[in-house]
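Have a look at the structure first, then work through the points below.

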Amino acid sequence: MQNSILSRFTPKEPKFFNFLKQVSSISKEASSLLGEALKTKTQEEHLDYFHKIKEKEHKADILANKIFEALEASFITPFDREDISELSNRLDDVIDYINGSSKRIAIYNPHVIHPAIIKLSDLVIAGAKAVDDGINMLSSLRNNKKDVKEIVNSLHKLENEADEVYEMAIREIFEKETNAIELMKTKEVLSELEKTTDAIEHVGKILKTIIVKYA
Amino acid sequence: MQNSILSRFTPKEPKFFNFLKQVSSISKEASSLLGEALKTKTQEEHLDYFHKIKEKEHKADILANKIFEALEASFITPFDREDISELSNRLDDVIDYINGSSKRIAIYNPHVIHPAIIKLSDLVIAGAKAVDDGINMLSSLRNNKKDVKEIVNSLHKLENEADEVYEMAIREIFEKETNAIELMKTKEVLSELEKTTDAIEHVGKILKTIIVKYA
Amino acid sequence: MQNSILSRFTPKEPKFFNFLKQVSSISKEASSLLGEALKTKTQEEHLDYFHKIKEKEHKADILANKIFEALEASFITPFDREDISELSNRLDDVIDYINGSSKRIAIYNPHVIHPAIIKLSDLVIAGAKAVDDGINMLSSLRNNKKDVKEIVNSLHKLENEADEVYEMAIREIFEKETNAIELMKTKEVLSELEKTTDAIEHVGKILKTIIVKYA
């Protein structure tokens, strides 16, 4: 019924896959830096890691712009363009939320890192890896259809798990934490991390859409 | 100028309407459970209702997946697919926000349920009903164009009313509540309920788009 | 390769440009009112300005509806319709966030207006102006392609600057403010203003998309 994504733009435009792979690779790196940041103690160290992650975000922005310029210059159809553009934007969101999580840790500077913050960050690292795997399968989508679907499902489960961790932690801190400002800090960091897993699942949803259209 | 949504996919694919009706019916049920939850007192009861609503959310997720699989397997055009997919996703959002509202009540466990929480929950119940009515009119959109438009308008008004209720309540609690943690809890529950009415209005906007394209 | 946006709908449908210009003009006016509001002191004055801004939002809603009705009645293609509709919706978002910022100032009623609130409001005013300039260039997009691109870039930079202002301010208040409720108020107003600049950048992203498709 439709041309595969492969026959539509791989032979003509392999650069788009390379660009998308670079972006998803950056999001993987950013998630690792977030994990490392959480092993440090001082606000200065958190700010250092935040600035490293911000550099990654900046790199991703430049790449997103390159994707945009390449889309503008190439002769592929507008429809394909929009899918690439959507994928690029949603990958960017993931990096933005990782950046946002790191930012909150650095600028709110909670006195204690709650264990659920570590757990959620581990899920973000796993999710960014799965997304990167999925992006790397796009260039031969027909052969990898089943695997991409599995990744999509795993991202959905991961988000549910993050939800659980988030809920239990929030319930606990609202029961036990009596310092309103510290409560607010932990709650907001947890919430941004949970949104990061939502953004990761959103990439999964776009991958789902791409399977519908092209696989 | 265009084929109606009817001639485009009703005869071929009535299952999509059935699926969408099932999802909107679930959102109506979830909104009723939210209303019932607010009539209970203890955190345990709130957690029970939250888990019931979460089951509804899970059911809706499975349905969304069925819609996705059916879209993938069927021979209707990609354009129609995207509209069905968008509607399915936005209905899912409504259920997610109802779930989120119930979750916050359960896991923050505010000492007192503010009257505005009840009022907003009543608006959510009314909105979920109107959305369900609208979805049930889709299978013969041409005949129901005027009614669907009215529903779209009513959802817009409902959201405005929710806004008013939210504003007055926030103003009041920031004037009177001196316990920062209790203030935070009530504020966040009110805010999630208000976002639920936004999500309900968003379904209205998709219905609007569908009228533009097919009615 | 493609028809310009000009040859596609200008000659037939100049009214769409007029509508969009009216909406972006309203967002500019709303941003000015926000700036004026911040020069006043009492909650009553803030509420007055909030109601003035809300009237603008209402005007914008009516215009959005007119755009919707006009799209429905006209013979331009569905694809173009969606772009106009998207632009109209995103412009609406900007006004909604300006409204939201003003609302929070009015209903939270912070004891002191933090200097960063003024700085962010200045960026919103500048952003709404740039967006308005961009919208005014749409009717002859081919001639203005370079200028629109520059506006898109400037909106991206503006959002980054807003991010910086926001971060420094949050860091400072979490270090120094000991009143949890006042901290919450300032944090939430800053956050809504920062989201306003995100929404402004989002309009920029749509302008970017429109260049990709039509210029």
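In this predicted model, chain A and chain C share 5 residue pairs in polar contact, counting pairs with both partners at pLDDT 80 or more. On the side of chain A that touches chain C, helix H3 (43-73), helix H4 (78-108) and H7 each give two or more residues.

**Chain A against chain C**
- By class, that side of chain A splits into 10 nonpolar, 3 polar and 9 charged residues.
- The contact brings together 22 residues of chain A and 24 residues of chain C.
- About 2100 Å² gets buried between the two chains, with carbon and sulfur atoms giving 60% of that area.
- Within chain A, the residues that lose the most area to chain C are A:Phe68, A:Ile107 and A:Met184, which together make up 25% of what that side buries.
- The rule also picks out 5 salt bridges across this interface.
- A:Lys54 pairs up with C:Glu164 in a salt bridge, at 3.1 Å from N to O.

**Chain A against chain B**
- Here 24 residues come from chain A and 22 residues from chain B.
- The buried area is about 2100 Å², and carbon and sulfur atoms give 60% of it.
- Across this interface you'll find 5 salt bridges.
- A:Glu167 and B:Lys54 form a salt bridge, with their closest N and O atoms 3.1 Å apart.
- There are 5 residue pairs in polar contact between chain A and chain B (both at pLDDT 80 or more).
- On the chain A side, helix H6 (141-176) and helix H7 (180-214) each supply at least two residues.
- The largest share of that side, 11 residues, is down to H6(A).
- Sorted by class, the side of chain A facing chain B has 10 nonpolar, 3 polar and 11 charged residues.

**The coiled-coil annotation**
- An unreviewed UniProt entry puts a "coiled-coil region" at residues 141-168 of chain A.
- In the model, that stretch is 100% helix and 0% strand, and its end C-alpha atoms sit 38 Å apart.

**How the copies are related**
- Why do the copies meet through different surfaces? Because only 8% of the interface residues of chain A are also interface residues in chain B.

Conventions
Residues are numbered from 1 along each chain as its sequence is written. Chains are lettered from A and ligands numbered from 1 in the order in which they are written. This is a predicted model: local features need pLDDT of at least 70, side-chain atom pairs count only at pLDDT 80 or more; totals for chains, interfaces and linings use all residues. Side-chain values use heavy atoms; hydrogens and water are left out. Contact means heavy atoms within 4.5 Å. Buried area is the accessible area (1.4 Å probe) that two parts lose on being put together, summed over both. A salt bridge is a side-chain nitrogen of Lys or Arg within 4 Å of a carboxyl oxygen of Asp or Glu. A polar contact is a pair of N or O atoms within 3.5 Å; within protein, one must be able to donate a hydrogen and the other to accept it, and residues adjacent in sequence count only if both atoms are side-chain atoms. Helices (H or I, at least four residues) and strands (E, at least two) are DSSP runs, numbered from the N terminus. Ala, Val, Leu, Ile, Met, Phe, Trp, Tyr, Cys and Pro count as nonpolar, Asp, Glu, Lys and Arg as charged, and the others, Gly among them, as polar. UniProt positions are given in the numbering used here, feature names are shortened, and annotations may be inferred rather than shown by experiment.
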